[in-house]
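Subject: Handover of a structural model

Dear colleague,

Please find the structure below, handed over for your use. My findings follow it.

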Amino acid sequence: MAEQKLSISISGMTCSNCAANIERGLKKLNGVKEASVSFASEQASVSYETGEVSLNDIIEKINGLGYKAVTARIEIPVTGMTCANCAMNIERALNRKVLGILNASVNFATERVSVEYIPSSVSVEDIVSAIRKAGYGVIVPDTSPDEKDAELEARNAEIKIQTRKFVTGLIFTVPLFLLSMARDFHLIGMWSHAPWVNWLFFALATPVQFYTGWDYYTGGYKSLRNKSANMDVLVAMGSSVAYFYSIATILFTVLGDHVYFETSAVIITLIKLGKMLESRTKGKTGGAIRKLIGLSPKTATILEDGKEKVIPLSIVKKDDIVLVRPGEKIPVDGVVLEGESSVDESMLSGEPLPVDKHSGDTVIGGTINTEGLLKFKAVRIGKETALAQIIKLVQEAQGSKAPIQAVADRVASVFVPFVLATAFITFFIWWWLGGEFVPAMIRLVAVLVIACPCALGLATPTAIMAGTGKGAENGILFKNSASLETASKLDIIVLDKTGTITTGKPSVIDIIPFEPFCSSDNELLQIAASVERGSEHPIGKAIVEEAKKRDINLFDLKGFKATGGLGVEAFIRDKFTIIGKPGWCETLGLPVKKYEKQIHSLQSEGRTVMVVVQENNLFGLISVADKVKPESAEAVMQLQKQGLQVFMLTGDNLMTASAIASKVNISEVFAEVKPDEKSIKVKELQGNNKKVGMVGDGINDAPALAQADIGIAIGTGTDVAIETADIILSGGNLLGTVKSIKLSRSTMNTIKQNLFWAFFYNIVLIPVAAGVLQPFEFFPDYLRQLHPILAAGAMAFSSISVVGNSLRLQHAKIE
């Protein structure tokens, strides 16, 4: 058994209670470990044990609850099959090994494979790759369901249906409302009071009730069948009371002569308008994902047997030679073989300036080649590309729940039963007080219609979607919404020095040989570089690089050993040689103090000093300096302006660290900290309930990133650091830290505004609808006796206002 996690797009949800129903239903399945459903993004994230529950069981459960899991189907011609066993091999390869495939069947006679799959979890590229790995050829169709975007198609189809229903409702409701109001205000003749006019009103109201409003009946039925109650129940009940009372009035004149067909019709049409606008607006909060998906070109130009060939992106293979001309998008990740150009990576990194590319440099799929012709080798394709990983990260973040949402979820779970109880209590109180059925019924309908659980359900997820989308457009990737929330509460930011404040590409500045043991710069560099070529440390690489520039031949080394963050040792020409930091060499009993003044002089200029020792004799000093990134000082100043304490954390000596810190105006420095001690320092800062963010880029930063409340990885860093972090800055720019915190604070402010509005709206207007203002004559009549039509308009406006407020994040200034 293996635990798998996948994302499923779902259509048919009308409010946050629907999402809660699906969550509850999925969690009841044996083998489902975790299920999270977002009403805003219309996505379910499900973790399950493959041995206990199948993907088909999960899809059947969602569909059985009355909703629709979005799936796609594709037929792909296959070559290379020789018998029926080949067909079975392909079926096994797809059904058992590719996560997200519901069913794959192969017809040996027609040489085609038919695949039903979940487009949000598996792509055509994955399916094609699996068939090829099984040993067969594939003829990929020019157009695949992926390119059409099954999820977007499902959402657009839903919006079309809702729009058609709204327009139909409007066609019948407008004349019904105008005639009814004209009759009530005596604007037309006595003929309007004839019995047949009420039957005309009935004829106009019925299509609205049972065509435009049918979704509320079906949605309410699904909800009640799943032992819960949602917004559909409230709307269906409220409009039905007015509609069926009006029918009863026509049939039994003893009940009175006034009908309320226009009330039921306007309620349904107004709320349908609100839901239609909400769907359209809600779709915009997920626009960032669609922009990212749209970055990939549909085709790629490859070299095959020396000839250019244009092929669908889905059939590009690893090691294919790809050509990209000026102005074209780079189709997949790769390494440049020939050519020079500038590449616009702004859509992924948020950095506006093009990046120069030469032979040996990496290129990223989805970026734009702006100048020269590039020939490169495909290295990562399909879901392995950086763009695919970014899309996955953003989708997971948008589908996750922020801790602040728990309050809204708890309220939403009891909201509808509370409103139903309030409505019926209101009805009986007013019937008892006034002795009249109709005014009490009007108040009941107003309470049912004005209550809005949707605003509560949309308050958090729409802001999270807009915020994470805005982040992705600026090269800021939040791994989940909890990270976004926590980042807004940080008190302290800890910055690693190398690769974060500095460029991480140190170069040799001083070479100082000590006679009589060493007589020249090149001799000292030859000894040091010969040992350091076994090292992965940036300082070691800088020393080796300097030796290469001078065309110095290096000695063979034996017994290489690195002591984390302190130095390295090895035998060269059978002589024991050490290259290390002065403090470490001193602890080894080496005569470093003799040169202490010279060492301190170099360190005070921000240089890292390495001592070269052979057979216990000091051969000399090599100093290395790392340039401060041009944006570091500005980033530190901006962080301090945001009220954050900024610390620098480094394994370098205090003098060098202090020199670098002074250049960027950091006053608090932790120096000479070993890699395994960095997390301890972070833990110390977390005392007194302080929230600490750690920014780093290297393997030795990973424990500190994990210990911090928020780990922020510079995207140019190692995979380990990026895997450990909560926020990834894909542009490698320290100003991204400033932007990420600004964005998280803006997003949380928006969520708080949304929640305040949603709670305030319901807390104030439900009592108004129930008639609490009736005794106060200084209030206008339309508030003292709130009409259901006004209640429906307010309800429609409430959820649109929440989504609209979230959309403002797309234009938030985070620079």
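Of the 131 residues in the largest nonpolar core, Ile8 and Ile58 touch the most other members. A nonpolar core here is a set of buried Ala, Val, Leu, Ile, Met, Phe, Trp, Tyr and Cys residues joined through side-chain atoms within 4.5 Å. Buried means under 20% relative accessible area, exposed over 50%, and partly exposed in between, with a 1.4 Å probe and protein chains only. The element that gives the most to this core is helix H28 (residues 735-770), with twelve residues. A second, separate core has 41 residues, including Ala87, Val98, Tyr136 and Val324.

The model is predicted: local features need pLDDT of at least 70 and side-chain atom pairs count only at pLDDT 80 or more, whereas totals for chains, interfaces and linings use all residues. Residues are numbered from 1 along each chain as its sequence is written, and side-chain values use heavy atoms, with hydrogens and water left out.

Overall chain

The chain has 30 helices and 30 strands; these are DSSP runs numbered from the N terminus, helices being H or I of at least four residues and strands E of at least two. Its C-alpha atoms fill a box of roughly 120 × 75 × 50 Å along the principal axes. Of the 815 residues in the chain, 54% are buried. Among contacts between residues at least 6 apart in sequence, 69% join residues at least 24 apart, where contact means heavy atoms within 4.5 Å.

Isoleucine 58 and the pair H1 and H2

Leaving aside neighbours within four places in sequence, isoleucine 58 is in contact with Ile8, Leu26, Leu29, Val32, Val46, Tyr48 and Val53. Ile58 also takes part in the meeting of two helices, where Ile22, Gly25 and Leu26 in H1 meet Ile58, Lys61 and Ile62 in H2. By class, this contact has four nonpolar residues, one polar and one charged. For these classes, Ala, Val, Leu, Ile, Met, Phe, Trp, Tyr, Cys and Pro count as nonpolar, Asp, Glu, Lys and Arg as charged, and the others, Gly among them, as polar.

The axes of H1 (residues 16-27) and H2 (residues 55-64) come within 10 Å and cross at roughly 140 degrees. H1 is therefore oblique to H2. Axes are lines fitted to C-alpha atoms, for helices over the stretch in contact, and angles run from 0 to 180 degrees between N-to-C directions. Angles under 35 degrees count as roughly parallel, over 145 as roughly antiparallel, 65 to 115 as roughly perpendicular and the rest as oblique. The crossing of H1 and H2 is right-handed; a crossing is left-handed if the near helix is turned anticlockwise from the far one by less than a right angle, and right-handed if clockwise.

Two further helix pairs

H19 (residues 521-532) and H20 (residues 538-549) pack at an angle of about 130 degrees, with their axes 8 Å apart. This makes H19 oblique to H20, and H19 passes H20 in a left-handed crossing. Leu525, Ala528, Ala529 and Glu532 in H19 meet Gly540, Ile543, Val544, Glu546 and Ala547 in H20. Six nonpolar residues, one polar and two charged form this contact.

The axes of H28 and H30 (residues 788-807) come within 9 Å and cross at roughly 170 degrees. H28 is thus roughly antiparallel to H30. The residues in this contact divide into eight nonpolar, seven polar and no charged. Among those of H28 are Trp757 and Tyr761, and among those of H30 are Met795 and Phe797.

Individual residues

Leucine 484 lies in helix H17 (residues 481-487) and is buried, with a relative accessible area of 0%. Not counting residues up to four places away in sequence, leucine 484 touches Ile464, Gly467, Thr468, Phe478, Ser744, Thr747 and Met748. The C-alpha atoms of leucine 484 and aspartate 521, 37 residues apart along the chain, are separated by 51 Å.

Alanine 2 is placed in the segment before strand E1 (3-11) and is partly exposed, at 34% relative accessible area. With residues up to four places away in sequence not counted, alanine 2 touches Tyr48, Glu49 and Thr50.

Glutamine 4 belongs to strand E1 and is partly exposed, at 29%. Beyond its neighbours within four places in sequence, glutamine 4 is in contact with Val46, Ser47, Tyr48, Thr50 and Leu99.

Yours sincerely
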